[in-house]
Amino acid sequence: MSNDLKWMLSSDQQFPYQDDKMIELWFKVMKWFKPDVVDYLGDTDDQACYSKYTEGRSAEFLQLHKDDSRDLIVPMMRHEAKGAREFYAKTREMLPEAQLFSALGNHDIRIFDYIDKKLPDYAKDVTPESLWSLDSLGYEYIYYNELPKRRFGDIHVHHGISIAATGSVRKDMEDLQVSLIRGHSHRIASHLVTYELRNNGDGETLRGYEIGHMCDEKGPGMKYTQHHDWQKGFAIAHIVNDYPHVQMIHVAPDYSCVVDGKVFKL
């Protein structure tokens with residue numbers, strides 16, 4: 001991989017339940033930082049209307065569109081994905097030459113599970129391209145059921161598998177035995193462990209990072225839990241000699257943050 005790259009990563013925007021101020025701050029930092037690489041680590045799109053929790057209820061997709069003709073199904077699914085698609089597109093517009101990547105999360109793929117179960121005839125028409133224009137916009141991507149993708153140096157990325165009271169990334173690291181940056185938990189945390197006897201006695205340090213969220217935890221889509229032990233934030237990294245130097249960026253309640261010594265405020 002190339003050296004001396006700048007990398008930005010975020011997760012869990014969960015359109016249409018995004019925090020608009022977080023999105024504004026994200027792009028403000030991006031405009032200044034000018035990353036060479038951007039990774040979105042899942043649940044960019046919430047897809048609540050395809051969730052098993054909405055089945056048989058008024059918010060379920062087929063209940064919302066029960067009076068529509070069948071030829072409107074795919075266009076309406078694309079319409080449901082509008083917020084996430086515009087977010088992906090704005091990133092490409094801002095960074096026309098950047099390497100862009102998306103690790104689709106468990107919420108992003110709700111629609112594909114729903115199609116398989118209830119509308120299998122439409123499976124070939126409902127894709128990451130038809131929903132979010134990922135191919136047209138030049139994104140690489142993996143599905144949630146795939147293993148983490150190695151990106152730079154020792155670092156792999158994925159949406160995240162484990163959800164624990166504390167240390168979700170630690171559990172994924174122990175299971176997968178790789179250094180990992182992930183989302184999914186909506187928390188900010190890091191965990192490092194060194195195995196001194198690996199690499200012929202030179203040792204190996206595995207690194208894990210959970211990078212927070214960018215959704216509105218008080219919004220209607222986040223009421224599935226009463227207690228939000230979540231933190232708003234994202235991550236950046238400078239990749240030097242193929243080694244990512246990762247920095248966790250916690251966003252303060254007033255939507256300020258500090259990136260490479262520069263203060264950002266809305």
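The following questions and answers examine selected residues of a predicted model.

Q: Is His65 buried or exposed?
A: His65 is placed in the loop between helix H2 (61–64) and helix H3 (73–80). A residue counts as buried when its relative accessible area is under 20%. The relative accessible area of His65 is 10%, so this residue is buried.

Q: Which residues is His65 in contact with, leaving aside its neighbours within four places in sequence?
A: Contact requires heavy atoms within 4.5 Å. With neighbours within four places in sequence left aside, the residues in contact with His65 are Met76 and Glu80.

Q: Which residue has a side chain joined to that of Asp46 by a polar contact of 2.9 Å?
A: Asp46 lies in the loop between strand E2 (37–40) and H2, and it is buried, with a relative accessible area of 2%. Beyond its neighbours within four places in sequence, Asp46 is in contact with several residues, among them Gln14, Tyr17, His107 and Arg110. The side chain joined to that of Asp46 by the polar contact of 2.9 Å belongs to His107.

Q: How many disulfides does the structure hold?
A: A disulfide requires two cysteine sulfur atoms within 2.5 Å. The number of disulfides in the structure is zero. For Cys49, the nearest cysteine sulfur is that of Cys215, 17 Å away, so Cys49 is in no disulfide. For Cys257, the nearest cysteine sulfur is likewise that of Cys215, 17 Å away, and the total for the structure is zero.

Q: What is the relative accessibility of Cys257?
A: The cut-off for a buried residue is under 20% relative accessible area. Cys257 counts as buried because its relative accessibility is 4%.

Definitions and conventions: Residues are numbered from 1 along each chain as its sequence is written. This is a predicted model: local features need pLDDT of at least 70, side-chain atom pairs count only at pLDDT 80 or more; totals for chains, interfaces and linings use all residues. Side-chain values use heavy atoms; hydrogens and water are left out. Helices (H or I, at least four residues) and strands (E, at least two) are DSSP runs, numbered from the N terminus. Buried means under 20% relative accessible area, exposed over 50%, partly exposed in between (1.4 Å probe, protein chains only). A polar contact is a pair of N or O atoms within 3.5 Å; within protein, one must be able to donate a hydrogen and the other to accept it, and residues adjacent in sequence count only if both atoms are side-chain atoms.
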